[in-house]
Structures are given as C-alpha cells and as structure tokens.
Amino acid sequence: MKSSFLLSELTAYLDESQTVEQMYATLRPHLAGLGLAAHKTGEDYTISRLQPSLPYILNAAEEKRLNAYLSLSSMPSVLEEAIEQYITRKTGKDWSDPVILERLRRAIVSQKNDYWKPTGQRSLQYTKGYAVLGYLAYHFPVYFMQARHLLAMLARDGLLKPEMTILDLGTGPGVIPLAIDDFWMCLDSARATVHSIERSKENIEAFGALAQSIATNNSPVMIEPPQEADIISSGDVAIPDHVDLMVFSNVLNELAGLPVAARADLVMEYVKRLAPDGTILIIEPAEEATSTGLRVLALALKKRGLSIYAPCTFVWGTNCTPDRCWSFQTAPSLRPTRIMNTLSACNEPFRYVNTDIKYSYVILRKDGKVRTSCSIPRGTKAQRLSKVHLNVGKRITVVAAKMSEDLGDKETHIFRLCDGSAEKPVYAVLPTFHIMPSNRELGSAPYGTVLEIRDVLVRYNPAHDAYNLLVNRETGVTPVSNQGDPTRSNPGSIRPPLGIRHSPEKPKSGSVSK
C-alpha cells in the first residue's frame, strides 16, 4: 500500500502495546527474508523495500589481472610465512624442528585416518592443539586455492556487488575471509565486510594471527573478528542483516550427527538473513561420500524454496536422484609449500603433500536465479537420461550437462552427464581414435556446460550399474546456445586439449584424496 512507512504506524494493529524498539527487535531477524530494510529515523524506523544491488562487472583490465592471478600455483608468500611463524610461536620451537615435524605428521595422519572412516563414525575435530597446526600445514593451502577459483567464478558470473556483506559459517582458521581479502585486491573498486562464526578458541586465535600478518592499510576488505559460537546453536550471536554472500566451506559434511533434513533446516535458518539477491556458496571435499552428500543436501534446499544456480541444470524441470551423483570440479595443482616439502622428507612422503585441487560445490539463490535456463532445442528428439534403459543398443540424442572433467585415461575419455532426470549414473565415453571436430566439444566444454549430444549408442555397464553413451566419429556434440558464454560459467580452470591430461582419475570410490 505504501512505498515506505514508519514502524510506529503498526502499533494501532497490535493486540498488546509494544515500543518501537521492541517491535524492531522482533522484526529485525525477518527483514531480509521479507525483502525489507529498516533505517533509523529519529526515535522511529522507516521500513522500505530493499532495492536490488547492481552487480559488480569486471572490466578488461580486471579480467586480465584475474587471469594472471589464477595462473599462480601457490599461496601468497606472506600467508605461507605467517603459518610457519604461527606454528613456531605456538610450539615454542622452530616449525622445522624434527620433534615439531613428527608431531605435525602424527596429527595429519590421524586426521586423514579419521576422515576415511564411514561418515557416521567420523569425529573430524580440527579444534585444538596439533589438530589445528596440522590443518594449517596440510589442509589450509588447498582450501585457500579452492576459494580463489570459486570467488573468480562468482565474479565472472556477476554475483559479486560493489559493496558486500559476507558471512562465513564455521570459518576455522579463516580460510575464506583471508582468501576474500587476497582476491579483492584484483578488483578496482569493490569493497566487502566479512563476518564469521567459529566455535574453536584455538582456530579463532590462529585466524587472528594470520589476519594480522597480512593486514594492510589500503585493503578493500574489512575482516571483522570472528564470533565464538557453534553454527548449530549460534544463540545470541549478532549476525548481520542483508548478507550478500553466505559461505559454508567444508563444514556441513562434518555435522555427521545431523541428518540431511536437519542440515537443510539449519541452512534455511541462516537464509533468513540473506539479502533477496544474495548468494549461498557451499563447498565440500571431492571424496565420493561428501560429494554425493552435498548433492542430496542441495536438492533438499531446492525443495525448501531455494534455486540451484550452479553447477546443476534441470533440463526437463524435474528433480534428480542425487544419492549417486558424484560430481566435482578440478583445477591446476598447488605448488607444495615449504612445510609440505619438509614434512615429506621421510619414508612415506606421499602422506604429507596435499596439492590436488578437487572440490564439490553448489551455489544457491532465493530469487530463483539460475546460471543456465535451459530448454530443449526446437526440433530436437532428445531422450531423457531416465529413459536410457529403454534404449540399450540403440542410437539416441540427449541434452545434458557435463558434470565432470575427464575421468578416463589417454585411450578412453569419460565424462559424467546429468539432465536432472537420471536414476543411475550416465557417462559419455569417447575413445581417442574417434575424436573429431564434430565431437571435440565433449572434452573442451567447461564443467557444467549443457550439451546436445547426437547419435550416441547406449550400453549398460553391469559392473558399475551405470549407462555409457558411446561417442564415435558420427556423433555431434554442440553446446546448447541459450546458456550464454560457457567460458564465463567456470573460470579459473585450465583445460588441456582432449587427449592431454594433467593427472588421470578413475571413477571409483576412494580415488579422490581430501
């Protein structure tokens, strides 16, 4: 009825008298969810609709700077040195002392052994003592680099804003805030304030030490001190209103005691503070159990009203069957840090070098926005992947998203496909000797690109209870044109020509290291 009104105007409609401040305290947690803003006006508040923010659009110089930034294979040297100095200060001995190195090795092995237990038996405690130091030495560098690539994707997709409020939930020793501080230096005029929540005092201490070590006077990012709380029961923690970007990085999978529905409800509680045009980013390790668990969680959140912006595309407008959807992203490997190289000078060096950049992610919105609004090209007689079992031995056409990098080897290239309808895994299989200009897009298209794949032969693979679509010289592969420029949908990944691999991966459980 009005473009704006004073909060005091509502008093006439209340059964029990309340002051303006009491009403504001009641309404404040819900304002973002209602798409409203409150501004102090004397002793009152003016309530108005939130106006969507304009996206931050990268200019040519920023694109060039970003390409150079993403080509770096190591963390900033100042941050690597800060981690070394923190370990030295906490232990009272130089980080390279043999005693300290051996304790770090034991902590890393203990964490890895715990991680590879069945999901319900994991404890995954990175909260005190050498568990925190081992995390800094082994996990922090990889997670920092993952964040770098994901932030680049958000920037190139127009999901960043000139002024942003960011909330990192379960921040640990500050991987996400520190990665944001580093990334924003690539941008000319964007600014951000980063809030975070963390339950562990020792993680908060490490976060503070690292943040202080890299602090500069001209940083476009304001990192607020983390608030000590468990994200499951944050209680009276002051969470900012109208959050533009909300991040759950490698944390929700560790809530093993919570079923998927409870985790989805937890996320939705925080979504109440998300701006109407805000973004949620959830990141998990690429290991099969956590990766498929993320897809199950994403679908639960979709059913609660959020839209999946990426990487999934629901070609047929149906909900998928995600419990076997093992899909992850890759990027060029990290250069080992000095600590990793020193730790690996032992009988089992492979245990202490963590350089593979592999991660699963989902981006969600509450405004319905999606990266690819796909429709089947007119005149295309495409089959749903849920119907491939009816076409074994036949040649068909499908429209589906490419949901993996190459999972095969130099002789046979294998790519996961999904159209949102399949109940069993479906793979496109391309032998090297069948590579032609007409089907090369299967290998060169970025992760998440929707492809029309024409004239493929359907085979059933009983060993994996999956279906293979055999691509040959007669097969045509074309990106679906109404999804925009696919090279902007997945920045930060360097894709070798089909047939040239950085490191072959096999699509089987346990093949991805955390």
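Me: Among contacts between residues at least 6 apart in sequence, what share joins residues at least 24 apart?
Reply: This is a predicted model, where local features need pLDDT of at least 70, side-chain atom pairs count only at pLDDT 80 or more, and totals for chains, interfaces and linings use all residues. Residues are numbered from 1 along each chain as its sequence is written, and side-chain values use heavy atoms, without hydrogens and water. Contact means heavy atoms within 4.5 Å. For residues at least 6 apart, the share joining residues at least 24 apart is 77%.

Me: What percentage of the 514 residues is buried?
Reply: Buried means under 20% relative accessible area, with a 1.4 Å probe and protein chains only. Of the 514 residues in the protein, the buried ones make up 54%.

Me: What is the strand order in the open sheet of three strands?
Reply: Strands are DSSP runs of E, at least two residues, numbered from the N terminus. Two strands pair if DSSP finds at least two bridges between them. Pairing here is antiparallel, and the order is E1-E3-E2.

Me: Why is one side of E1 and of E2 left without a neighbour in the sheet?
Reply: E1 (4-6) and E2 (36-41) each have a single partner strand. One side of each is therefore left without a neighbour, because both strands stand at the edges.

Me: How many bridges join E2 to E3?
Reply: E3 spans residues 44-49 and runs antiparallel to E2. His-39 stands opposite Thr-46 in E3. The bridges joining E2 to E3 number six.

Key:
Helix = DSSP H or I, 4+ residues; strand = E, 2+ residues; numbered from the N terminus. Buried < 20%, exposed > 50% of the residue type's maximum accessible area, 1.4 Å probe, protein only.
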